[in-house]
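User: I would like to learn how to read a few features of a model with care. Could we go through them one at a time?

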Amino acid sequence: MTAQLSIRDLHVSVEGKEILKGIDLTINQGETHAIMGPNGSGKSTLANTLAGHPKYQITQGDIIYRGESILDWAPDERAQQGIFLAFQYPMAIPGVTVANFLRTALNARRKATGTNGSGKPISIPEFRKLMREKMALLKLDDAFATRYLNDGFSGGEKKRVEILQMAVLNPELAVLDETDSGLDIDALRIVAEGVNALMGPNLGVLLITHYQRLLNYIKPDFVHVLVSGKMAMSGGAELALQLEEKGYDWIIEAEAAK
Ligand code: ADP
Ligand code: MG
């Protein structure tokens with residue numbers, strides 16, 4: 001079996017400062033991994049690096065996606081090939097509607113991967129049907145499709161639209177950075193139900209979260225704890241419960257004593 005994602009000895013610097021100090025992580029198809037850790041430990045740095053953000057410089061190591069190194073893939077190429085990132089702070093794009101944004105992104109992905117044999121753009125009626133179906137799944141009002149992307153959206157709406165993007169683009173690797181932040185419990189449940197509905201044997205998921213409460217709704221197969229740019233500990237779903245109960249200090253202390 002080829003791993004969906006294999007991160008090997010990854011070192012990443014931002015503005016000359018080393019943030020990630022040798023990360024190893026393998027995600028196979030169908031697996032859900034959670035990365036937890038204190039604020040400032042480098043979780044978003046990992047997400048941004050996977051996205052191909054130019055500010056994040058890989059100084060050592062490799063990122064292998066479906067058996068291929070993606071270090072020289074541009075961000076849009078990564079997205080078109082099925083790597084999806086939901087960011088901690090989604091950007092607003094005034095002037096571009098949610099529907100237009102999603103149709104453009106979907107068509108770019110179809111073109112790059114030759115979906116449906118031809119890679120042809122999706123027809124408008126087919127796209128409308130897809131949108132309606134996925135918006136219903138995320139309990140988003142139809143009016144959302146014609147609003148400008150993230151412009152004046154509440155925190156919860158932004159996160160739901162991120163998952164809508166994921167639903168429409170049908171990725172093979174989804175990285176969700178703090179998708180739970182700013183959500184009340186109802187919105188959290190809707191987002192989690194949406195993610196769960198999208199899970200399948202072909203999708204690998206990397207859930208980045210500071211808190212364990214999201215993991216009450218989305219069960220990870222593996223939990224990893226990132227401390228000061230290093231993987232300090234890995235375990236099963238029970239590790240998240242332990243962190244909820246005991247906090248991060250005991251892991252930070254153990255890591256410092258190494
Ligand atoms: P986390 O998501 O775990 O809270 P981050 O990856 O956001 O952690 O941050 C880890 C460290 O990297 C912090 O010290 C932060 O200041 C620094 N850092 C991350 N991104 C940037 C950036 N774009 N510019 C400068 N420093 C950054
Ligand atoms: Mg972060």
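User: Which helix gives the largest share of the shell around ligand 1?

Analyst: This is a predicted model, in which local features need pLDDT of at least 70, side-chain atom pairs count only at pLDDT 80 or more, and totals for chains, interfaces and linings use all residues. Residues are numbered from 1 along each chain as its sequence is written, while chains are lettered from A and ligands numbered from 1 in the order in which they are written. Helices (H or I, at least four residues) and strands (E, at least two) are DSSP runs numbered from the N terminus. Here the largest share, 3 residues, comes from helix H1, residues 43-51.

User: Which residues surround ligand 1, and how do they divide by class?

Analyst: A residue is near a molecule if its C-beta atom, placed from the backbone, lies within 6 Å of it. Ligand 1 is surrounded by Val14, Glu15, Ile19, Gly37, Asn39, Gly40, Ser41, Gly42, Lys43, Ser44, Thr45 and Lys55. Ala, Val, Leu, Ile, Met, Phe, Trp, Tyr, Cys and Pro count as nonpolar, Asp, Glu, Lys and Arg as charged, and the others, Gly among them, as polar; the shell has 2 nonpolar, 7 polar and 3 charged residues.

User: Is Ser13 buried, exposed or partly exposed?

Analyst: A residue is buried with 20 or more other C-beta atoms within 10 Å of its own, exposed with 12 or fewer, and partly exposed in between, the C-beta atoms being placed from the backbone. Ser13 has 17 such atoms within 10 Å and is therefore partly exposed. Ser13 belongs to strand S1, residues 5-14. Leaving aside residues up to four places away in sequence, Ser13 touches Glu18, Ile19, Gln57 and Thr59, where contact requires C-beta atoms, placed from the backbone, within 7 Å.

User: At what angle do H5 and H6 cross?

Analyst: Axes are lines fitted to C-alpha atoms, for helices over the stretch in contact, and angles run from 0 to 180 degrees between N-to-C directions. The axes of H5 and H6 (residues 185-198) cross at roughly 5 degrees and come within 10 Å. H5 is therefore roughly parallel to H6, given that angles under 35 degrees count as roughly parallel, over 145 as roughly antiparallel, 65 to 115 as roughly perpendicular and the rest as oblique. Their contact divides into 8 nonpolar, 2 polar and 2 charged residues.

User: And how do H4 and H5 pack?

Analyst: H4 (residues 124-137) and H5 (residues 155-169) pack at about 135 degrees with their axes 10 Å apart, and they are therefore oblique to each other.

Key:
Two residues are in contact if their C-beta atoms, placed from the backbone, lie within 7 Å.
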